[in-house]
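Dear colleague,

I am handing over the structure below, together with some notes on its aromatic rings. Please read the notes with the structure open beside them.

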Amino acid sequence: MLPVDLSRACIDKIDLPHISDKNVEIFMLRLDKIHPVISGNKWFKLKYHLENFKQNNFIGILTFGGAYSNHIVATAYTANLEGIKCKGIIRGEKPPVLSHTLKECLDYGMQLEFVPREIYRQKNLLIASGQHFPGYYTIPEGGAGPLGEKGCREILDLVNKQPYSHIACAVGTGTMFIGLANSSFPKQHTIGISVLKGMKNLPDQFNDLVYPAAKKKYCKLFSDYHVGGYAKHTPELLAFMNDFYLQTGIPTDFVYTGKLVFAIKDLVKKGYFPQGSRVLIIHSGGLQGNLSVPKGTLIF
Ligand SMILES: *Cc1c(COP(=O)(O)O)cnc(C)c1O
């Protein structure tokens, strides 16, 4: 049995002011609903790693992330459910008070190891080479890479993708973006909204092996909607998320989907989408991250 309930991933029609008069229709695929902890794209990114782990004789799973990482907590939860030993290498010195995300990871039995930021990158390489934790299966930070991408190709299997002219998602590592590009129709556009500052292109590790060369002209990455950088937020963004919730009843997270919806609305307003476009926005989950904004700031 799957730990997630994929039947809950419905599509909601989004009616926002200033959108219908542009003759653009917006829909949202609710991956946030498949599970409260392994939500959104993280299940799809873990799926094939888990399969790989089980087919080999590893003693545990090792992965990486920051103190608020959706990937870290999704991995900890899944490993716990499957009875797999699990270690998390966390970026940054151990803080006096752990984030709610890391506390949750401890509850799920994940062992945490804190690594100063300066050596996190190197450590990443060292450990990936298997020298530090022999026998552990390593999942890259954020679940990035070919196996994560392979899992993300299955996101669009949940829907009839035919009616949509554009598929839009938030971009962290870009793994989901590529998975969507690879699994959509040849002339369906894939729109990525980068949540990292200065990410004008996808990272180098994505070569043409996984990036669909034939689709390049149908793939577009927007790099100006990060709102100050990764996990940064402004009162304007949080107010937008509250308004969106009041208008649609849909909660978003401030790291990914909040910025994505803000960007798509802005692009609609600016006339980016041709008349008659039907845009499918992927709600990729991550709502647990909202616990790091002061209580009461968000109304949901
Ligand atoms: C991890 C994550 C993303 C980014 O996915 P990538 O494949 O790394 O680009 C988007 N949304 C949410 C909610 C996430 O947790």
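A search through the whole of this structure, which is a predicted model, turns up 14 aromatic pairs. One of them is formed by F27 and Y164, whose arrangement is edge-to-face, with 5.4 Å from centre to centre and 70 degrees between the planes. This pair links distant parts of the chain, since F27 belongs to strand β2 (residues 25-30) while Y164 lies in the loop between α5 (146-152) and β7 (166-171), 137 residues apart. F27 has a relative accessibility of 9% and therefore counts as buried, and Y164, at 9% relative accessibility, counts as buried too, the cut-off for buried being under 20%.

A further pair is that of F64 and Y120, which is edge-to-face because the ring centres are 6.4 Å apart and the planes stand at 90 degrees, where over 60 degrees is what edge-to-face requires. Here again distant parts of the chain are linked, with F64 in strand β3 (residues 60-65) and Y120 in helix α4 (residues 117-128), 56 residues apart. Both F64 and Y120 are buried.

Elsewhere, F222, Y225, Y272 and F273 come together as one aromatic cluster.

How values were computed:
Residues numbered from 1 in each chain as written. Predicted model: local features only at pLDDT ≥ 70, side-chain atom pairs only at ≥ 80, totals over all residues. Heavy atoms only, no water. Phe/Tyr/Trp six-rings, centres within 6.5 Å; stacked < 30°, edge-to-face > 60°. Helix = DSSP H or I, 4+ residues; strand = E, 2+ residues; numbered from the N terminus. Buried < 20%, exposed > 50% of the residue type's maximum accessible area, 1.4 Å probe, protein only.
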